[in-house]
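Let's take a walk through a protein model together. Have a look at the picture first, and then we will go through it step by step.

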Amino acid sequence: MQFQLDCDLMKGHDKPASGQAMMDCRQGLLESSHVKLPFALRVNELFLKYSPHLDASIQFKNASFSDEAGLHAAEKLNATLDIALKQSADAWLWQGKVDWQSGEVFWQPFYIASGGHQLAASGKLANGLLTVDSAHLKVKDVGELDASGQLDIKDFKLVNLNASLPSLNLATAYPVFFKPMLEKTAFANADVSGFAALKVELQDSEPRVFELVLNDVDIADRDQKFSFYKVNAQLPWSYDVAHTVSFSYESGELLSLPLGKTNIQAQVDRYSLTAPDIKLPILDGALHLTNISASRRAGQWYWHLGAKLDAISMEDFSTRLKLPKMQGKASAEIPLVTYAAGTLTTDGSIVLNVFNGTATVTQLTMQTPLGIAPKLNADIALRNLDLGVLTSTYSFGAIEGKLDGDIKGLELQNWKPVKFDAVVQSSPGKYPKKISQRAVENISALGGGGAAAAVQRSFLRFFEQFNYGKMGLSCRLRNDICEMGGVESTPHGYVIVKGSGIPAITVMGYNETVGWSELLARIKRVTDGNSKAIVR
Amino acid sequence: MKKILLGLVLLATLIGSQFVAAAADLEVNTPAISAIKNSMQARHAQLGAFYASGAIGLTKDGLIAVKDANAVPLAQRGALTGLVKDENADRSRLYKEIAVANGHPEWQAEIQSTFAGRWIDKAQSGWWVQGAGGWTQK
């Protein structure tokens, strides 16, 4: 550590002539391995009538410093610090001004690239408590903050705070102040614009009042997961009084699904939030959330709500999500969704109306749905799906009939299935059951090599479609291997399609186990419809 | 005598840890594990230069840490600490998922320490690694 100071000193303890400093040090330097602070110091007053009375200004010129790990550091810093300090009966009265002219600072997690910011504050210091009577901070292009409060200097704990930011420019404030704090959230990579006003009140280190107002804020995720435009919000909160909060947006998008104009009102009471009803327009339908209740305990969120999806057009939905074009409308209802400390569970069943039939999801739970490796568990029951609609959606070859299915113990990791017991088969009952030549080929291809109607095909290939009595496939997935079965077992395999009437066809499967990724690849080949299915 | 005893204890711990390593399939793959590995792989391209400059190093508990951010311009330090945080979150999740995929969630800590050794063995020369006595350069 090296310290240099060259000063001109005025003699005597009398007050120097006006405009003349008591001590003028133009060349000061504090230097060590991670610190280089050239500075000029000017002391205007040190004593007044024999009592301590400091009035000084320090100017840092091209200064740099850093802590050992480099997580609190500044470079090329030019700043002036004016300080006045005097002793009164039982306290030190102080007044200070910082003018940060230029230079960059990294104060983990914040990085400020350039200067132009000012802070002026005054207060007193007594009994280990730093009182700020008033502070005014001006951050260039971002906004101005007025604050007062008390800081316990033993542990740097804020005891009281009263702060107000009347007009915060979010476009400039977001990258510097909010982005580093939102690093692990969905809001880490977004473009934001608009203005906000903020008020914060802290008493005895407890938050008492908080009020956030958003004015015409646009926020759009750069990865296009979500966007909200013209967000306006009044979010008052106080420790003692319940408030109504309101939040609205003109339009938006969530995972490519357009969101319509929405207005949400809710009641907040200390650390809980309730709302009887929220309607979120999505596509041509809407999601109704009912009996919403959320609370935060010990740093974790707990909430529950009911949900009902008004019919949305599947054609529109599938186009937006770049899925195969589906027909019909989907609607759903969930009596109760509960979220507790990272796990989402549903009570009752979710009924989806799809392909003229129903898909009922029960026992649905999700862990870290927004994390990198989300997990989902559910049981799914499919009833009376219209095979005509289904097969025209996925270019599979036409099948007429109805399908039932049960997928039990489904476990998805990162949205990919790792475990389930699934059976799909033609629904019981009387209805036309017809299958096209192309669908037969495709089904045979799914059953794996060496399958199928090869023997019968020689003369049956003249027919475009066949009758069937029943059809079905089962797969028990464990460790990426699917144990397959059909509607009946035979000594050498299983029956996938059992013929009936004239012309009838029977499709056999012979592979009892199929690698799951291989099966998926086969389905993809078949539904892509580009290549002809291989039947050996 | 003391030396022999110590030797025996060492041998026992070695066999013990060997046993866990042999029993646990560290290469097990599930969609969750491959998602985490992909995420780590994508990040490694950004971390490579920081390993080389000594800004970050491999810790003895199978994570990474900022060793000396002074090697990195101020403007990039926020990104650096963010990357380290994300990488450690992924690593912890990876150890947990491997333990779960082996059907033994309670093995997480042992899997983590086995990986710690592996990462350090595989570290390129010039990288900083943390041993019992602190940071050393390979």
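How much area do chain B and chain A bury between them? Keep in mind that this is a predicted model. The size of an interface is often given as the accessible area lost when the parts come together. Here chain B and chain A bury about 1,700 Å² between them, and carbon and sulfur atoms account for 62% of that area. Three residues stand out on one side: B:Pro31, B:Asn70 and B:Leu74 supply 33% of the area that chain B buries against chain A, more than any other three residues.

Now let's see who takes part. The contact is made up of 24 residues from chain A and 23 residues from chain B. Between the two chains there is 1 salt bridge. To find it, look for B:Glu97 and A:Lys375, whose closest N and O atoms are 2.9 Å apart. The interface also holds 6 residue pairs in polar contact. Which helices of chain B supply at least two residues each to the side that touches chain A? They are helix H2 (31–53) and helix H3. The largest share of that side of chain B, 12 residues, comes from H3.

Let's turn next to the aromatic rings. A pair of aromatic rings is described by the distance of the centres and the angle of the planes. Over all chains, the count comes to 12 aromatic pairs.

Ring pairs link A:Phe187, A:Phe226, A:Phe228, A:Phe247 and A:Tyr249 into a cluster.

In chain A, the charged end of A:Arg270 sits over the ring of A:Tyr239, at 3.8 Å from the ring centre. In chain B, B:Lys67 lies over the face of B:Trp128, and here the distance to the ring centre is 3.9 Å.

Notes. Residues numbered from 1 in each chain as written. Chains lettered and ligands numbered in written order. Predicted model: local features only at pLDDT ≥ 70, side-chain atom pairs only at ≥ 80, totals over all residues. Heavy atoms only, no water. Phe/Tyr/Trp six-rings, centres within 6.5 Å; stacked < 30°, edge-to-face > 60°. Lys NZ or Arg CZ within 6 Å of the ring centre and 35° of its normal. Contact = heavy atoms within 4.5 Å. Buried area = accessible area lost by both parts, 1.4 Å probe. Salt bridge = Lys/Arg side-chain N within 4 Å of Asp/Glu carboxyl O. Polar contact = N/O pair within 3.5 Å; in protein donor to acceptor, adjacent residues only side chain to side chain. Helix = DSSP H or I, 4+ residues; strand = E, 2+ residues; numbered from the N terminus.
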